[in-house]
Amino acid sequence: ERLGESGGGLVQSGESLTLSCAASETIRTILVLSWYRQAPGKQRQLVASLDNNGQTHYEAFVRGRFTISRGGDETPLYLQMNDLTPEDTATYYCNIRGVQNLWGQGTQVAVSS
């Protein structure tokens, strides 16, 4: 099982992007789905997560601007990002934890002021 992110790009401050996380095959056991990001020179940090009960968690720096949602078998995870700022510039990674702890390779998001 492999994950692959898409949807990153270069946008201007205030614009939106939607990130997708595709799975190479159906992941039968999912406990938590998450998005992380890593800015240049910084540690990877949690952005948002969604558990099997539908409970969401957002870090304060994205709350109210980003929305995490679950998709289907082929694309199990999305991240809608609105009102982007230069501080959101990072590589974004999806993570799915179940029987395995799966990570994608990341998709780059760059926000210009």
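Here are some questions and answers about this predicted model.

Residues are numbered from 1 along each chain as its sequence is written, and side-chain values use heavy atoms, without hydrogens or water. Since this is a predicted model, local features need pLDDT of at least 70 and side-chain atom pairs count only at pLDDT 80 or more, while totals for chains, interfaces and linings use all residues.

Q: How many helices and strands does the protein chain have?
A: Helices (H or I, at least four residues) and strands (E, at least two) are DSSP runs, numbered from the N terminus. Along the sequence the pattern reads β-β-β-β-β-β-β-β-β-β-β. The tally is 0 helices and 11 strands.

Q: What share of the 113 residues counts as buried?
A: Buried means under 20% relative accessible area, exposed means over 50%, and partly exposed is in between (1.4 Å probe, protein chains only). With those cut-offs, the buried share of the protein chain is 38%.

Q: Which residues touch the most other members of the largest nonpolar core?
A: A nonpolar core is a set of buried Ala, Val, Leu, Ile, Met, Phe, Trp, Tyr and Cys residues joined through side-chain atoms within 4.5 Å. In soluble globular proteins, nonpolar side chains tend to be buried together. The largest core here has 28 residues, and the ones touching the most other members are Trp35, Leu79, Met81 and Tyr92.

Q: Which elements give two or more residues to this core?
A: The core in question is the largest one, with 28 residues. Its contributors at that level are E3, E4, strand E5 (45–51), E7, E8, E9 and strand E11 (107–112).

Q: Which residues are linked in a network of salt bridges?
A: A salt bridge is a side-chain nitrogen of Lys or Arg within 4 Å of a carboxyl oxygen of Asp or Glu, and the whole structure has 2 of them. Aspartate 88 pairs with arginine 37, closest N and O atoms 2.9 Å apart, and also with arginine 65, at 2.7 Å from N to O. Aspartate 88 and arginine 37 are buried, and arginine 65 is buried as well. The network is Arg37, Arg65 and Asp88.

Q: Why does the pair of arginine 65 and aspartate 88 tie together parts of the chain, and how many residues apart are they?
A: Side chains of opposite charge can pair when their charged atoms come close. The two meet in a salt bridge. Arginine 65 sits in the loop between strand E6 (56–58) and strand E7 (66–70), and aspartate 88 in the loop between E8 and E9, so the parts they tie together are separated in sequence by 23 residues.

Q: Is serine 34 buried or exposed?
A: Serine 34 has its place in strand E4. Contact means heavy atoms within 4.5 Å; not counting residues up to four places away in sequence, serine 34 touches Leu46, Ala48, Ser49, Ile68, Leu77, Tyr93, Cys94, Asn95 and Arg97. With a relative accessible area of 1%, serine 34 is buried.

Q: What separates the C-alpha atoms of glutamine 38 and tyrosine 92?
A: Glutamine 38 is in strand E4 and counts as partly exposed at 28% relative accessibility. Glutamine 38 and tyrosine 92 are 54 residues apart along the chain, yet their C-alpha atoms are separated by 6.6 Å.

Q: Which residue stands opposite leucine 33 in E5?
A: Two strands pair if DSSP finds at least two bridges between them. E4 and E5 pair in the antiparallel sense over 6 bridges. In their hairpin, with 6 residues between the strands, glycine 41 takes a positive phi near 80 degrees. The residue opposite leucine 33 is leucine 50.

Q: Which residue in E6 is the bridge partner of serine 49?
A: E5 and E6 run antiparallel, joined by 3 bridges. The hairpin they form has 4 residues between the strands, and there glycine 54 has a positive phi near 85 degrees. The partner of serine 49 is histidine 57.
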